[in-house]
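I opened these notes to record what I looked up, beginning with the contacts of a single residue.

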Amino acid sequence: MTNLQTNRTTTLIFLTAVYALSTLDRYLLGVLIPSIKEDLGLSDTALGLLAGAAFAIFYATLGLPLARLADKYGRKLIIIISLFIFSIMTSLCGLAVGFWTLFLARVGVGIGEAGTTPASLSMLSDLYPKEQRSTAMSILSIGGNIGVLAGFILGGLIAEHYGWQYAFIFVGVPGVILAAILALKLQEPTRGQADNLGSNESFQQTSVKELISFLWGQKSFLCNIFGMALILFFMNGMLAWLPSYFSRSHGMELSNISLMVGLALGLGGPIGTILIGGILADKLTAKNISYGAKMVAIGAFLLVPTYLIVISATNLTLAIGAFVLPAIMGMFFQGPLLAMSQAATPVSMRSSSAALMLFVGNIIGLGLGPFVIGFISESLSDTYGTESLRYALYVIPVAALLAAIVVFAGSFSLKKDIDRAENWSR
């Protein structure tokens with residue numbers, strides 16, 4: 001194995017671990033909502049704010065300025081500092097005594113996580129050529145499945161035996177340890193090396209005006225951005241409220257819910273992420289770059305009927321069985337969409353374009369998804385009682401259908417947009 005291949009593999013493992021911890025810390029609240037609601041007496045709207053907006057507003061807003069720093073200076077330092085901050089703030093969530101203290105701690109988690117993903121995507125784009133990026137970024141996305149698996153299973157077990165506060169405190173510790181390891185071992189790749197563009201200081205001189213102006217002309221990028229936002233809307237809404245749905249509508253115990261959902265997403269998710277979002281996407285894009293986008297659109301469309309069954313089923317076995325496909329397909333979209341968007345972006349803008357994509361995606365997806373579902377559930381509670389959450393969750397298949405339409409529309413301009421980005425870099 002060459003030094004480049006070794007560095008690629010090592011960097012990908014490190015960045016996947018960072019993403020796993022960020023996902024663990026981000027979604028841990030979802031499995032703890034039933035315990036927090038009982039302990040603190042919070043409404044569904046308040047819990048939706050904690051699961052979504054408290055994190056997403058600062059996570060999305062700070063992502064762009066931190067990505068600008070990553071495009072101009074070193075990405076390694078941004079990732080290490082961000083990892084340390086969100087890990088400490090996750091542990092501090094366990095010391096919260098009410099809505100506002102938990103809200104502020106969640107804000108801190110969002111601030112810390114804002115700097116990790118855009119810089120990670122930029123580093124991987126400099127290590128892997130575009131025909132291998134879907135697989136590389138899908139492997140990175142597996143960190144999300146690992147994080148969800150750990151969050152749901154460990155979080156549920158710790159909360160049941162020791163309380164939800166200890167779950168937060170415990171899961172923040174590994175990030176502090178990993179930050180120290182990255183400071184010693186993580187290497188910064190040369191910008192543009194995977195695109196055979198060489199090292200060029202002009203890569204670091206793109207202004208914000210140039211960034212916005214260029215990306216506004218990339219139709220596929222705009223479609224992918226809003227397609228990802230809609231997918232994140234239903235994904236984050238599902239992760240935040242599915243445990244509560246199984247508890248309220250089907251009477252499941254928290255430990256059983258966390259084990260079932262955690263295993264389904266944590267073990268089934270990597271199958272879809274690697275085989276569909278990685279290997280299949282790379283093979284399709286090698287034939288025609290637009291096929292990757294069309295594959296994402298078809299996958300989102302297939303989720304519509306399965307989500308309808310999960311939500312509408314009165315039989316617990318049927319609801320759990322129908323959840324298998326969403327669990328497998330849960331994160332398949334991320335690798336292809338991020339890879340295509342990075343390919344349609346000049347080298348000098350890649351951290352910033354990733355941050356912009358995540359900004360829109362997370363404001364709509366993470367900020368609004370859990371909140372909208374919680375708000376609808378609370379609004380319907382007088383009429384439907386504990387079943388109000390079931391009816392609120394019907395927004396999920398609607399968002400999946402809209403995502404399929406938007407991503408499919410963007411596939412037709414992808415090749416032209418990639419050519420324009422490569423010409424800009426040269």
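Entry 1. I looked up the contacts (heavy atoms within 4.5 Å) of Ile396, leaving out residues up to four places away in sequence, and found Phe234, Gly237, Met238, Tyr307 and Ile373. I note that this is a predicted model, in which local features need pLDDT of at least 70, side-chain atom pairs count only at pLDDT 80 or more, and totals for chains, interfaces and linings use all residues. Residues are numbered from 1 along each chain as its sequence is written, and side-chain values use heavy atoms, without hydrogens and water.

Entry 2. I placed Ile396 in helix H19, residues 395-410 (helices are DSSP runs of H or I, at least four residues, numbered from the N terminus). Ile396 counts as buried because its relative accessibility is 2% (buried means under 20% relative accessible area, exposed over 50%, with a 1.4 Å probe and protein chains only).

Entry 3. I then turned to helix H10, residues 208-216, where Leu211, Phe214 and Leu215 are buried. They lie on the same side of H10, because they cover an arc of only 90° around the axis (taken from the directions from the helix axis to the C-beta atoms). On the face turned away from the buried side of H10 I found the exposed residues Lys209, Ser213 and Trp216.

Entry 4. I checked the distance between the C-alpha atoms of Ile396 and Ala136: they are separated by 28 Å, with the two residues 260 places apart along the chain.

Definitions and conventions. Helices (H or I, at least four residues) and strands (E, at least two) are DSSP runs, numbered from the N terminus.
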